[in-house]
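Please keep the sequence and the structure in view while reading.

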Amino acid sequence: MKSPLKANRFLRLRPATDIRSGVYGVLRSLADLMIDADISMSELEEIAKRAYVSVASNRSAKRNGSVNQSSVAAITGLSRPEVKALFLKNPSDPVKAPRSRAGRVIDGWTNDSRFITSAGEARVIPLATGQRSFAELVRLYAGDIPPKAMLDRLERLKLVRILPASRSQPRRVQLARTTAAARLNPQVAVVLGHLSDALRAACSEESVPFSTVRLFANDESQLAAVGRAANERKEAFLSGLESSFPPVPGNERTIEIVLGLWQTKSNSTAPERDEPTKRPRVSSRQKRRP
């Protein structure tokens with residue numbers, strides 16, 4: 001019988017054979033957030049360049065605070081003119097890169113005189129036909145994207161509303177908002193920070209111990225009970241741990257503890273039971289041997 005609790009294990013992150021595979025996994029999760037926020041590949045590329053130049057500048061900075069732009073170019077793989085142009089930008093400046101197809105459609109809808117009212121508001125436009133229709137808007141501002149695909153995208157982003165057809169008017173499209181409403185959860189920043197530390201250690205010679213504990217459950221109800229117990233007792237654990245240490249001065253280094261609770265499926269399978277051997281039936285048509 002398996003013990004319900006295994007002793008803590010210390011995992012050591014070793015230099016990855018190919019850090020790109022780990023980065024790909026991280027970017028897949030990040031792409032989910034970027035797509036929900038309607039951030040295009042071009043915008044993400046511009047943000048990534050700024051981040052690369054910022055980190056490379058910190059690494060190549062001299063004692064007097066000056067930064068060698070050639071060194072930054074060597075680290076990032078960017079050309080020196082690109083690095084110079086990025087140095088002149090403020091990190092908080094808006095990203096000037098081609099917007100997503102959905103963003104371009106919204107821009108045309110709110111700026112093109114054919115699709116706005118005299119008061120400057122976006123018109124409610126017919127879905128299929130006409131010079132001021134949604135199909136024409138997509139043709140002008142979304143390139144080769146079919147109107148149906150663009151409509152699905154705008155609906156997923158909750159940027160438009162579809163008004164049903166009536167006796168006097170066909171189906172129409174109404175602009176609900178001009179930007180995607182997706183927002184990052186504040187906890188994402190904490191998780192990304194720890195992920196950054198783990199990736200940095202994984203591609204270096206440093207070893208970072210992670211104390212883990214495994215809990216086994218025999219069925220779903222027991223698993224739910226273990227999850228509830230761990231979730232309810234984490235607050236008591238953290239408060240007790242915090243109260244056992246003196247207050248930390250502002251200039252001292254601190255350590256942050258993040259508790260995560262997740263469920264994984266075991267790869268082990270139950271042994272197959274030997275089925276009892278069945279005796280072959282004798283058909284009534286078969287002749288029995290004497």
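The sections below treat the overall architecture, the confidence of the model, and then selected helices and loop residues.

## Overall architecture

The model is predicted. Its secondary structure amounts to nine helices and five strands. Read from the N terminus, the order of the elements is β-α-α-α-α-α-β-α-α-β-β-α-β-α.

The protein has 290 residues, of which 16% count as buried.

## Confidence of the model

For the protein, the mean pLDDT is 79, and a value of 70 or more is reached by 78% of the residues. Residues 1-16 have a pLDDT that stays under 50, and the model gives this stretch 39 contacts beyond four places in sequence. A further stretch, residues 268-280, also has pLDDT below 50. In the model, residues 268-280 make one contact beyond near neighbours in sequence.

## The buried side of helix 3

Helix 3 spans residues 69-76, and its buried residues are Val72, Ala73 and Thr76. These residues lie on the same side of helix 3, because the arc they cover around the axis is only 100°. The elements that cover them include helix 2 (41-60) and helix 4 (80-87).

## Helix 5 and glycine 108

Helix 5 consists of residues 101-111 and contains glycine 108. With a relative accessible area of 2%, glycine 108 is buried, since the cut-off for a buried residue is under 20%.

Leaving aside residues up to four places away in sequence, glycine 108 touches Phe115, Leu137 and Tyr141. Valine 138 is 30 residues from glycine 108 along the chain, and the C-alpha atoms of the two are separated by 9.1 Å.

## The crossing of helix 6 and helix 7

Helix 6 is formed by residues 134-141 and helix 7 by residues 147-156. The axes of these two helices come within 9 Å and cross at roughly 95°. Helix 6 is therefore roughly perpendicular to helix 7, a description that applies to angles from 65 to 115 degrees.

On the side of helix 6, the contact is made by Phe134, Ala135 and Val138. Helix 7 contributes Pro147, Met150, Leu151 and Leu154. Of the residues in this contact, seven are nonpolar, while none is polar and none is charged.

## Two loop residues with positive phi

Aspartate 38 is not a glycine, yet it has a positive phi of about 60°. This residue is located in the loop between helix 1 (19-36) and helix 2. Is aspartate 38 buried or exposed? Its relative accessibility is 11%, so aspartate 38 counts as buried.

Lysine 158 is likewise a residue other than glycine with a positive phi, here near 60°. The loop that holds lysine 158 runs between helix 7 and strand 3 (160-163). Lysine 158 has a relative accessible area of 59% and is exposed, because the cut-off for an exposed residue is over 50%.

Conventions: Residues are numbered from 1 along each chain as its sequence is written. This is a predicted model: local features need pLDDT of at least 70, side-chain atom pairs count only at pLDDT 80 or more; totals for chains, interfaces and linings use all residues. Side-chain values use heavy atoms; hydrogens and water are left out. pLDDT is the predictor's confidence in each residue, from 0 to 100. Contact means heavy atoms within 4.5 Å. Axes are lines fitted to C-alpha atoms, for helices over the stretch in contact, and angles run from 0 to 180 degrees between N-to-C directions. Helices (H or I, at least four residues) and strands (E, at least two) are DSSP runs, numbered from the N terminus. Angles under 35 degrees count as roughly parallel, over 145 as roughly antiparallel, 65 to 115 as roughly perpendicular and the rest as oblique. Ala, Val, Leu, Ile, Met, Phe, Trp, Tyr, Cys and Pro count as nonpolar, Asp, Glu, Lys and Arg as charged, and the others, Gly among them, as polar. Buried means under 20% relative accessible area, exposed over 50%, partly exposed in between (1.4 Å probe, protein chains only). The arc is that of the directions from the helix axis to the C-beta atoms.
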